[in-house]
Amino acid sequence: MKRLLEWIKEAEQIALLPHLRADGDALGSCYALAELIKQLKKTPYVILEEEPLMRFDYLEGDFLVFDGKIKEYDLVIAVDCSDLTRLGKREILYRGKTACIDHHLTCEPIGQLSYVDSDAAATAELVYQLACEANVMTRKMGTCIYTALSTDSGSFRYSNTTPRTMRIGAALMEMGIDTALINRKLYEQVTMGSLRFQAECVDKMQLFVQNKIAITYLTMNRADELELTSDDTDGGGSIMLSILGVNVGAFFHEREPGKFKVSLRSDEAVDVAFIAKSFGGGGHLRASGYTTAGPLATAISQLVEKIKEQLVEL
């Protein structure tokens, strides 16, 4: 942590690269880290692959959408990402002086300097510690960090939530951040498209192994028919896991023709990080993912067989 802070202080222009389709932790951590860098009188650039989800517009962070052009920076930091393939086209920017800040259990640290803690509920916990060390914490940073903590811990409900997570949340509340606004934006407001997506998940649901495994999917054609946006199609795996008696929920989302992003969620019975890693992916013990090619029926069958190996041990 201290070495990373030294590197930030030594640099002038710093690029921050979250993983593809930045979620609350990736985006919140980047925006908070960018604010920290500004407080140290340096210039940050949060560079995304695509526009951020609208649900995070209250964070009011500055970002650039990558235009394919190579630019040199004094320091490039991969945020909430320890897999170069998850940087997408921006991987060509990860050059020169490079660092990584992350919390994923299955990660293989990248870059010349790695600040990784798999015990953290979110990468934002590490950003918070960095800000405290630099003594530059602001309310704007606090809002971003709290958002990241809340989204990656399931509103402080998931098993990755630790006493440290709660203490950081409490400290941010004491700073005066608007937690009511954050909760309303994240959990109490849904689009019509999101409701259609939830209905589609239930309609396409398949149950396996005495209803212990629930799997659903969304094809590109169906997403177009339902007029769904990227803001609408979040949380398919969690929807499946919320069903009483289900140990593992999975959501197959076709992002490219014949290519599916698989999101896995589990209770204490199954290590989905291990399962995702066996398919070339990774993540957390209870929330992980990977990418696979069709046919869909074959991909689902392969996943079910892999999950069964762990369920047999129960």
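**From values to words**

Modeller: This is a predicted model, and the secondary structure of its protein chain comes to 11 helices and 12 strands.

Colleague: How do you know whether the radius of gyration of the protein chain agrees or disagrees with that of a compact globule?

Modeller: A compact globule with 314 residues would have a radius of gyration near 20 Å, and because the protein chain has 19 Å, the value agrees with that expectation. Taken along the principal axes, the box that the C-alpha atoms fill is roughly 55 × 40 × 40 Å. Of the 314 residues, 49% count as buried, while the chain exposes about 14,500 Å², of which carbon and sulfur atoms supply 50%.

Colleague: Why is leucine 4 called buried?

Modeller: Buried means a relative accessible area under 20%, and leucine 4 has 2%, so leucine 4 counts as buried. This residue is found in helix H1, which covers residues 2–10. If we leave out residues up to four places away in sequence, leucine 4 touches Ile77, Ala99, Leu113, Tyr115 and Leu130.

Colleague: What makes leucine 33 buried?

Modeller: The cut-off is again under 20%, and leucine 33 is buried because its relative accessible area is 0%. Leucine 33 belongs to helix H2, residues 24–39, and touches Ile8, Leu16, Ile77, Val79, Val127 and Leu130, not counting residues up to four places away in sequence. From leucine 33 to leucine 130 the separation is 97 residues in sequence and 8.7 Å in space, C-alpha to C-alpha.

Colleague: What share of the contacts in the protein chain with a separation of 6 or more comes from residues 24 or more positions apart?

Modeller: Among the contacts with a separation of 6 or more, residues 24 or more positions apart account for 63%.

Colleague: What makes strand S3 and strand S6 edge strands?

Modeller: The order of the six strands in their open sheet is S3-S2-S1-S4-S5-S6, with parallel pairing. Strand S3 (64–65) and strand S6 (113–116) are its edge strands, as each pairs on one side only.

Colleague: How do you know that strand S5 and S6 pair?

Modeller: Two strands pair if at least two bridges are found between them. Strand S5 (residues 98–102) and S6 have four bridges, in the parallel sense, and cysteine 100 has serine 114 in S6 as its bridge partner.

Colleague: In what order do the strands of the sheet with mixed pairing come?

Modeller: That open sheet has six strands in the order S7-S8-S9-S10-S12-S11. Its edge strands are strand S7 (206–208) and strand S11 (282–283), each of which pairs on one side only. S7 pairs with strand S8 (residues 213–218) in the antiparallel sense over three bridges, and phenylalanine 208 stands opposite isoleucine 213 in S8.

Colleague: Why does threonine 292 count as buried?

Modeller: The relative accessibility of threonine 292 is 14%, and because buried means under 20%, threonine 292 counts as buried. Threonine 292 has its place in strand S12, residues 287–293. Beyond its neighbours within four places in sequence, threonine 292 is in contact with Phe252, Gly258, Lys259, Phe260, Val262 and Ala299.

How values were computed:
Residues numbered from 1 in each chain as written. Predicted model: local features only at pLDDT ≥ 70, side-chain atom pairs only at ≥ 80, totals over all residues. Heavy atoms only, no water. Helix = DSSP H or I, 4+ residues; strand = E, 2+ residues; numbered from the N terminus. Rg over C-alpha atoms; globule rule 2.2 N^0.38 Å. Buried < 20%, exposed > 50% of the residue type's maximum accessible area, 1.4 Å probe, protein only. Contact = heavy atoms within 4.5 Å. Areas by Shrake-Rupley, 256 points an atom, 1.4 Å probe, with all protein chains shown as cover.
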